[in-house]
2 protein chains.
Amino acid sequence: MVAVRVDLNISLDGFATTTDQTPENPFGEDWARLTKAYVSTKTFRERVMHDTSGEGTTGVDDRYGKAYFEGIGAEIMGAGMFGFHDNPDDPGWQGWWGDEPPFHAPVFVLTHRAPRPSIELVGTTFHFLSATPREALDRALEAAGDQDVRIGGGVSVVRDFLKAGLVDQLHVGIVPILLGRGGSLWQDLRGLESGYSVTSETAESGVIHVTFRR
Amino acid sequence: MVAVRVDLNISLDGFATTTDQTPENPFGEDWARLTKAYVSTKTFRERVMHDTSGEGTTGVDDRYGKAYFEGIGAEIMGAGMFGFHDNPDDPGWQGWWGDEPPFHAPVFVLTHRAPRPSIELVGTTFHFLSATPREALDRALEAAGDQDVRIGGGVSVVRDFLKAGLVDQLHVGIVPILLGRGGSLWQDLRGLESGYSVTSETAESGVIHVTFRR
């Protein structure tokens, strides 16, 4: 059964994106704290950093890290996650995921700048769509074949898909810190739990993994 | 070492109080869902409901339920938790905790209606103070002797004490539901975690128990 999946790291107060970026620290200190446990996993180091040293954690966080990459046939993301906002006017800009992005699947980028030509990189092709969540999902499901579709982010895109009832599995890694500001995942999602079963477990790092499954 | 403690049930989106009360259902459906696991424990049934049948859950939730009542020498609560708002003009009103409230310790109620005479009930005396968090805590610590002080609620009172840096141990039972509205615990508490260690575990009921300890 093909599923539409979301995986996000959030703070205990529900923030999935951070606002303390500076030119010197383009991700910001909050982002580093929010993703520390995930970035420390063996899977993240291998899959995203192309680190072949074999180092990294192998506990509960890594199990979720591995699951993140398994069985995904296509991904949908917002313009911000692709990186449009960093170089809005450069038609040659390929986003900030590098020459070999970690997706290894077709990625559908939601942007009002579409139509624009697709970008083919090593293992990943980015397509650009101006579409509703439902329309984008239909395109991604078709591309994914018998595999799952991931709604990658950012948080407002994820919320749009959750509100539209299009997500089958939502996994959040809740980091026990309070950010107090940023993009909130839970805003306006009253009653989301109905129709899902919810399970949770705590990793060695202290991250609480909560999963909503239909 | 005497500690200042807080215990609250909150939703996954951080709401500790609910807003769907009606005359027919004075606590509201949301409140029932927020407290269901706690109200089901053997300890709650014995201590709050005076139910001597021995029924109720005895797992992880009950362990936290028991800890809630252990070693508390005094409690501080807001006017709303005492019940002032229900009968604001009745000088004989004794709050809505019944003839034998579950506290079994002196309770200091923060209210701008003070001074007013204390109310002595079975095992619990309510005192009324118009005071800052620090002043109220000094009174409660004196009354508690070598035992702990609990900041009982409501959520805005708890937030005042957290912001003032007066809480040594914060336990939240996070219920995996999204309420979307109500009194938010986490609002304006950025960085609360610093100075605390944070642990968590999941109960059989699905409630995630998170504890901040100094």
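In the predicted model, B:E193 pairs with A:R33 in a salt bridge. The closest N and O atoms of the two residues lie 2.3 Å apart. Four salt bridges are found across the interface of chain B and chain A. The interface also holds twelve residue pairs in polar contact, with both partners at pLDDT 80 or more. Three elements of chain B give two or more residues to the side that touches chain A: helix 1 (29–39), strand 10 (197–202) and strand 11 (208–213). Strand 10 of chain B gives the most to this side, with four residues. By class, the side of chain B that touches chain A comprises 13 nonpolar, five polar and seven charged residues.

The extent of the interface was computed next. The size of an interface is often expressed as the accessible area lost when the parts come together. Chain B and chain A bury about 2,000 Å² between them. Carbon and sulfur atoms account for 56% of that area. In chain B, the residues that lose the most area to chain A are B:L12, B:L178 and B:R190. Together these three make up 35% of what the chain B side buries. In terms of contacts, 25 residues of chain B meet 25 residues of chain A.

The relation between the two chains was then examined. Two copies of a chain are related by a rotation about an axis and a shift along that axis. Here, a rotation of 180 degrees superposes chain B on chain A, with 0.0 Å of shift along the axis. The RMSD of this superposition is 0.0 Å. The two copies are therefore related as by a two-fold rotation axis. Both copies use the same surface: 100% of the contact residues of chain B recur in chain A.

Backbone geometry was also examined. Most peptide bonds are trans, and most residues other than glycine have a negative phi. In chain A, the peptide bond from A:G153 to A:G154 is cis, with omega near -5 degrees. A:G154 sits in the loop between strand 7 (148–153) and helix 6 (155–163) of chain A. In chain B, a cis peptide bond joins B:G153 to B:G154, with omega about -5 degrees. B:G154 lies in the loop between strand 7 (148–153) and helix 6 (155–163) of chain B.

Helix 6 of chain B has several buried residues. These are B:V155, B:V157, B:V158, B:R159, B:F161 and B:L162. B:G165 follows helix 6 of chain B and has a positive phi, near 70 degrees.

Two histidines of chain B also have a positive phi. For B:H50, a residue other than glycine, phi is near 55 degrees. B:H50 is placed in the loop between helix 2 (42–47) and helix 3 (60–69) of chain B. The relative accessible area of B:H50 is 39%, so B:H50 is partly exposed. B:H104 is not a glycine either, yet its phi is positive, about 50 degrees. B:H104 occurs in the loop between helix 4 (79–82) and strand 4 (107–110) of chain B. With a relative accessible area of 37%, B:H104 is partly exposed.

Key:
Residues are numbered from 1 along each chain as its sequence is written. Chains are lettered from A and ligands numbered from 1 in the order in which they are written. This is a predicted model: local features need pLDDT of at least 70, side-chain atom pairs count only at pLDDT 80 or more; totals for chains, interfaces and linings use all residues. Side-chain values use heavy atoms; hydrogens and water are left out. Contact means heavy atoms within 4.5 Å. Buried area is the accessible area (1.4 Å probe) that two parts lose on being put together, summed over both. A salt bridge is a side-chain nitrogen of Lys or Arg within 4 Å of a carboxyl oxygen of Asp or Glu. A polar contact is a pair of N or O atoms within 3.5 Å; within protein, one must be able to donate a hydrogen and the other to accept it, and residues adjacent in sequence count only if both atoms are side-chain atoms. Ala, Val, Leu, Ile, Met, Phe, Trp, Tyr, Cys and Pro count as nonpolar, Asp, Glu, Lys and Arg as charged, and the others, Gly among them, as polar. Buried means under 20% relative accessible area, exposed over 50%, partly exposed in between (1.4 Å probe, protein chains only). Copies are superposed by least squares on the C-alpha atoms of residues with pLDDT of at least 70 in both.
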